[in-house]
Amino acid sequence: MTSTHDGAGSAPEAAALHEIVEGVFAWVQPDGTWWINNAGAVNGLDGTIVVDTCATEQRTRRFLAAVGAATGDAPLTMAVNTHLHGDHTYGNSLLPSTTVLIGHEAMREGLLVDPIIDGCPPVWQPVPDWGRVTRRVPSVVLRSDLTLFTGSRRVDLLHPGHPAHTTGDVVAWLPEERVLFTGDLIFHGVTPLVFMGSVEGAIASLGWLADFGADHVVPGHGPLIAGAELPGVLAGMERYLQLVLRTAQAGLAEGLTPLEAAQRCDLGEFAGMPDAERLALNLHRAYADATGTPFDLLEAIGDAVRYNGGPMASAV
Ligand SMILES: [Zn+2]
């Protein structure tokens, strides 16, 4: 595996393009916390297939420049969004207009009504600066699966079949190279976030991910994962998500609000994990699903800020 750096340190400026196998690239942005995602690119004889963009104009331009340099500026024929969240999609409009953009049907619907691209609320500090990006949604959607080719290189897009990180998650799987781009079905080294999906669905998706038998895994956030490391990463995510479920069940039994349940929860081994305030967001989802009540996004975000004792940590 080879990597190219254009900086050093733990900020997104230190992002690097890793060539996992020949022509298959992962763009890994440190440190993987709020809004700092991973992306990828798959090059073949018919050009390059992009997997996700980045949150900001600056980060997306940096990513696309690195892909261009690594592929001899091969045409970006297609691009896939693994899910609707802005850290993976706000840069879509910086792709060439000829790039065919693909995503899950629910992902497209979600991005169409996403309010945060129009102006980030000051619940993160510093408030991220998206730069000159505009809302661009897929022109091709899938509901269960779709296969792309560039030359003979095959990329299978697959939906887990149920809500997990969001309602419109898609993984990109290269069956020959055994490379799996998971989007945010995997958070590696940062607190998982499932508030717009399902806690139980996210747990169910972990076994589904394991069954690919991938040699190389590109998580949505955090460092790359070798196949041998994957069971440990998935087991850690499952322990965290089970803790969320147990905390919700106990909180509901005691009549606590999601925020009160979060404040009383002992995070244990996860206490030092970045973005710990996501516990409040995840509990809002667990409460809504357990009680059949609507999920209130703004109230959930407000509780995450209250749990955190102020705006959540971010980067410009
Ligand atoms: Zn996400």
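Start by selecting Arg61, which is partly exposed at a relative accessible area of 44%; here buried means under 20% relative accessible area, exposed over 50% and partly exposed in between, with a 1.4 Å probe and protein chains only. The model is predicted, so local features need pLDDT of at least 70 and side-chain atom pairs count only at pLDDT 80 or more, while totals for chains, interfaces and linings use all residues. Residues are numbered from 1 along each chain as its sequence is written, and side-chain values use heavy atoms, with hydrogens and water left out.

Glu57 is buried, at 11% relative accessibility.

Next, select Glu177 and Arg153, which form a salt bridge with closest N and O atoms 2.8 Å apart. Glu177 lies in the loop between β12 and β13 and Arg153 in strand β11, so the pair ties together parts that are 24 residues apart in sequence. Glu177 is buried, with a relative accessible area of 17%, and Arg153 is also buried, at 17%.

Move to the zinc ion, which is coordinated by His83 (NE2), His85 (ND1), His165 (NE2) and Asp184 (OD) at 2.1 to 2.3 Å; donors are N, O and S atoms within 2.8 Å of the metal (3.2 Å for Na, K and Ca), and water is not among the atoms, so sites may look incomplete. His83, in the loop between β6 (76-80) and α2 (86-89), and His165, in the loop between β11 (153-158) and β12 (171-174), are 82 residues apart and link distant parts of the chain. His83 is buried at 0% relative accessibility, and His165 is buried at 1%.

Finish at His188, in the loop between β13 (179-187) and α4 (199-210), which is buried with a relative accessible area of 17%. Its contacts (heavy atoms within 4.5 Å), not counting residues up to four places away in sequence, include Pro219, His221 and Val233.

How values were computed. Helix = DSSP H or I, 4+ residues; strand = E, 2+ residues; numbered from the N terminus. Salt bridge = Lys/Arg side-chain N within 4 Å of Asp/Glu carboxyl O.
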